[in-house]
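Let's take a walk through this fold together, one contact at a time. Have the model open beside you as you read.

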Amino acid sequence: MDDIVFKLAVIGTAGIAAQWFAWRLQLPAIVLLLAAGFIAGPATGFLDPAADFGAVYRPMVSIAVAIILFEGGLTLNFKEIRETSTAVRRIIMYAGPLTWAMAAVAAHHIGGLSWPTAIVLGAILVVTGPTVIMPLLRQAQLDARPASLLRWEAIVNDPIGALFAVVAFEVILVYIGLHQADNLFALVIGGFVLAVGSGWAGAKLIVWSFVRGHVPEYLKAPVLLATVVAVYAASNLVLEEAGLLTVTVMGMVLANSRIASLTDMRRFKETITTLLVSGIFIILTASLSIEDIRSLDWQAALFVASLLLVIRPVAIMLATIKSGATIQERILTSWIAPRGVVAVAVSGLFGTLLADAGVADAGRMVAFSFAVVVTTIVLHGFTLAPLARFLELKKTSKPGILIVGGSRWSTALAKKLNEAEVPVLLADQNWNHLAEARLASIPVYFGEVLSESAHHAIDPKSFSSLIAAGDNDAYNALVCTDFGPELGRSHVFQIGRIDEKARQALNFTLGGRSLTKEPVSFHDLREKLLGGWTFQLTRLTDEYGWADYKDSRPDGALVLLWIKPSGTLVFAATASSSPGQNDRILSFAMPKDEARAEAASKTARKAEVTLAAKTVTDTKPGTKASGTDQGNIPS
């Protein structure tokens, strides 16, 4: 028992470590997870999932895959697919069957597999795994259209590919005489209808129970998770792997419903999915034996090459004719089709079932699947971003700043950021508040940034930071709280945070960081702007460093951020180091000449006050005078 606990701890630690290093080094996380699984399994023999976990190994992987697909379904909002719906529909309806047929022929004639094994393998390779494509899309920063196309295909095709494999397997059993042909059509159609119907019914039941208050808040995520596992298992009782379609449909229905707590549940599911993807990839890679690797010969290599270079491009190009997708989007989709967990898990299941049915080379199907998975993950993982950049499908603008709250102060800030070539978007639900910004040709969003329409119109990935600059501290805090999980808590800022000890202060868990080290209210910033303060951009050099800059600043000047030569934004309130050479500092301060004049004026006023006070003191009875007046005082 202790040995199993230790191995589970190693799997979890290695998975999260791979995810962290991938984020830190800007590498595809799946590649590092595959490397970790290979080291833990075939290379060292430390992990043998089938022997270590016994009878629960396959069910554990199946449930994990179901949860991953459900979480993927939760990301499929129909409003995001309007522009690419025709292309997605054609890829699923036409490219899938074309890939199945061509892959089966190639597996038999090029890969040397028997027809039963080749047909099932061709069906399995229809899938393009969301476990792989989602992390790749997160790092590649594609435009909205191609990203939506790849995401929808990956999530919807996974359960369909698994059902294709079920149909192929049942046909083979009928062919070799183990099943009756009479029941095949009814079984497949009935299983499909049941899968879609139970997924829809399960989602509607969740919506009804959550909206009517039949489930308390603290139980909503556990109830949802238990329901996903229950409907998956129930569908599988009728038709093997039909549960994958069930949970995908259930996720899609929930994603397009209006549940207030859906965002919180989606974040919980994302956390669970990250852990599951990390662990499952390591476990499945570790399950590959040295014999499986050695069984891959030149025929397997040619099969993989034909799948990537011929079958996939032909299927996509034919399916997307007159679909509305551009030639660049079609080329990108033709190349990017990484396989993932579902392909490996389903091939392992049907490889065992075919072997039990007497198919001699059924065991090679797992090796072929792994060859496709590893090749596509490595090639597509490292080529997605460069190819998208070459095809001009990658976001070219560097991440900027989203400013929420239109005013003279925020407009002046946006103007200065524009001068510094920092992308900026100013958002407000009051059209008049955006008038000055529109006249200055600053990009604006008219509407409520917390609304669902804003969620689809504003891509948070286009911004590295947010500044809530409205005149209402509570609203600023609400905006920062909503965008915090998307942009990162350390990248959302607000003006005018009230001291936490004050009675009006909000809980510290709400809102963002203060934009300035010492909180300054909206009204103080406005008064300073009316008093002549301006936003200033100063570049540091060898001769004029940070210390010189601080010495030359007027008293009370507010340093907001500095811009690195690479374009990275560093906010002063959260900076762990000082700005360096060639950094450009953005500050809000009184101009130097006016500051000198104001300082001189203050000095003069102070001198006048001092002189007046001295005069009053000198004229008081009984005080000691100086100079010639002293003699006039009676003794």
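This is a predicted model: local features need pLDDT of at least 70, side-chain atom pairs count only at pLDDT 80 or more; totals for chains, interfaces and linings use all residues.

Residues are numbered from 1 along each chain as its sequence is written, and side-chain values use heavy atoms, with hydrogens and water left out.

Back to the rings. The structure holds 14 aromatic pairs. One of them joins Phe 6 and Phe 46, whose ring centres are 6.1 Å apart with planes at 85°, so this pair is edge-to-face. It ties together distant parts of the chain, 40 residues apart: Phe 6 sits in helix H1 (residues 2-25), and Phe 46 in the loop between helix H2 (29-43) and helix H3 (49-53). Helices in this account are DSSP runs of H or I with at least four residues, and strands are E runs of at least two, numbered from the N terminus. Phe 6 is partly exposed at 48% relative accessible area, and Phe 46 is partly exposed too, at 29%. The scale calls a residue buried under 20% relative accessible area, exposed over 50%, and partly exposed in between (1.4 Å probe, protein chains only).

Trp 20 and Phe 21 make another edge-to-face pair, with ring centres 5.1 Å apart and planes at 80°. Trp 20 is partly exposed at 42%, and Phe 21 is partly exposed at 44%.

Although Ala 50 and Ser 287 are 237 residues apart in sequence, their C-alpha atoms are 7.0 Å apart in space.

Now for the helix packing. Helix H5 (residues 85-109) and helix H14 (residues 298-319) have axes 9 Å apart and pack at an angle of about 150°. Axes are lines fitted to C-alpha atoms, for helices over the stretch in contact, and angles run from 0 to 180 degrees between N-to-C directions. H5 is therefore roughly antiparallel to H14; the classes are roughly parallel under 35 degrees, roughly antiparallel over 145, roughly perpendicular from 65 to 115, and oblique for the rest. Among the residues that meet are Tyr 94, Leu 98 and Met 102 in H5 and Phe 303, Leu 307 and Ile 311 in H14. The residues of this contact divide into 16 nonpolar, two polar and one charged.

How do H7 and H17 lie relative to each other? The axes of helix H7 (residues 130-140) and helix H17 (residues 364-390) come within 9 Å and cross at roughly 25°, so the two are roughly parallel. Val 132, Leu 136 and Ala 140 of H7 make this contact with Ile 377, His 380, Gly 381, Leu 384 and Ala 385 of H17, where contact means heavy atoms within 4.5 Å.

Finally, look at Thr 117 in helix H6 (residues 115-124). Thr 117 is buried, with a relative accessible area of 0%. Leaving aside neighbours within four places in sequence, Thr 117 touches Leu 354, Val 359, Asp 361, Ala 362 and Met 365.

Technical notes: Rings of Phe, Tyr and Trp (its six-membered ring) pair if their centres lie within 6.5 Å; planes under 30 degrees apart count as stacked, over 60 as edge-to-face and the rest as tilted. Ala, Val, Leu, Ile, Met, Phe, Trp, Tyr, Cys and Pro count as nonpolar, Asp, Glu, Lys and Arg as charged, and the others, Gly among them, as polar.
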